[in-house]
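Dear colleague,

I am handing over the structure below, and my notes on it follow directly after.

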Amino acid sequence: MSSRPSPVQRALAVLRALSDPEVRRMSDVARATGLDPATASRMLDLLVREGFATRDPMRRYGIGPEVFQLADVAQRRAELRKLARPALQRLVEAFGDTAVLTEASRGEAVCSDVEPGTFTFSANYVSVGTRRPLGVGAGSLAVLAWLPPPERARRLQQTSRKLANYPRLDAAVIAAEIEAARSRRHVMFLDWVVEGMGGIAVPILDEQGWPIGALSVAAQTVRLRAREAVLARRLKAEASHIASAWTGSALSPQGDPGRVTARGTAVRLSRRPTQQRR
């Protein structure tokens, strides 16, 4: 005997039904999904409130802007991974240590791609899909550090409530690391999560100076300290190349990660304005 669909499954069934141009009325949705009219109406009301469905004055329903935003994010992440893949491979070939692409997703940092290192003691604790609070990890800190100050402060406050698994870190420590990173124009995140290991990272900035991700090398602390200058130069060059390909316009020679355009709210960490690039 099949189990009763969960509320999430019912909501997803409604969304799938709305992808059919012939399904526009609540009664159409009920027929298409097999839901009773009262349930279909509740699901539609919820989806409209959350922006996943629209309702016009004639009470005709359609797919909402949040669906398109999610699709946009997925497509752009795939594009960024494609652009960054050769850089990750070149970094490993040059230095032998693990190279990582990090992106931000609703207040967290997500490992989007990894090229494993060839050195005997390469970092093996980061894999595709690993999620951490913004500011925890080299790439994650690079994204947080190059947000405009108001958004940076808001995200740091959110991160401060998610540090139970990172006893060495608190908001003050991360704030100090941010200042140091902005001063040196790259992140050195050493020994905070794994003893004797760390990462060096730079942000990947879009044409307005917003971090769309970060490029990093994870390795033993001693290896990072010994090669900090050359690693930083190479990471900045690779990040600038990725950013130029992403935006279609050249940035300054090293992407100038110190430059941030002051804007109100960092919507790019959660949703991208619909009028921007499609």
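In which helix does Arg223 lie? Arg223 lies in helix H8, residues 221–226 (helices are DSSP runs of H or I with at least four residues, strands are runs of E with at least two, and both are numbered from the N terminus). Please keep in mind that this is a predicted model, in which local features need pLDDT of at least 70 and side-chain atom pairs count only at pLDDT 80 or more, while totals for chains, interfaces and linings use all residues. Residues are numbered from 1 along each chain as its sequence is written, and side-chain values use heavy atoms, with hydrogens and water left out.

Arg223 counts as buried because its relative accessibility is 18% (buried is under 20% relative accessible area, exposed over 50% and partly exposed in between, with a 1.4 Å probe and protein chains only). Leaving aside residues up to four places away in sequence, Arg223 touches Phe95, Asp97 and Phe119, where contact means heavy atoms within 4.5 Å. Although Phe95 is 128 residues from Arg223 along the chain, their C-alpha atoms are separated by 9.7 Å, and a polar atom of the Arg223 side chain lies 3.1 Å from the backbone oxygen of Phe95. The charged end of Arg223 sits over the ring of Phe119, 3.6 Å from its centre (the rule asks for NZ of Lys or CZ of Arg within 6 Å of the ring centre and within 35 degrees of the ring normal).

Turning to helix H6, its buried residues are Glu151, Arg152, Arg155, Leu156, Gln158 and Thr159. These residues pack against strand S5 (131–133), helix H5 (138–145) and helix H7 (171–184), whereas Pro149, Pro150 and Gln157, on the other side of H6, are exposed.

Best regards

Key: Polar contact = N/O pair within 3.5 Å; in protein donor to acceptor, adjacent residues only side chain to side chain.
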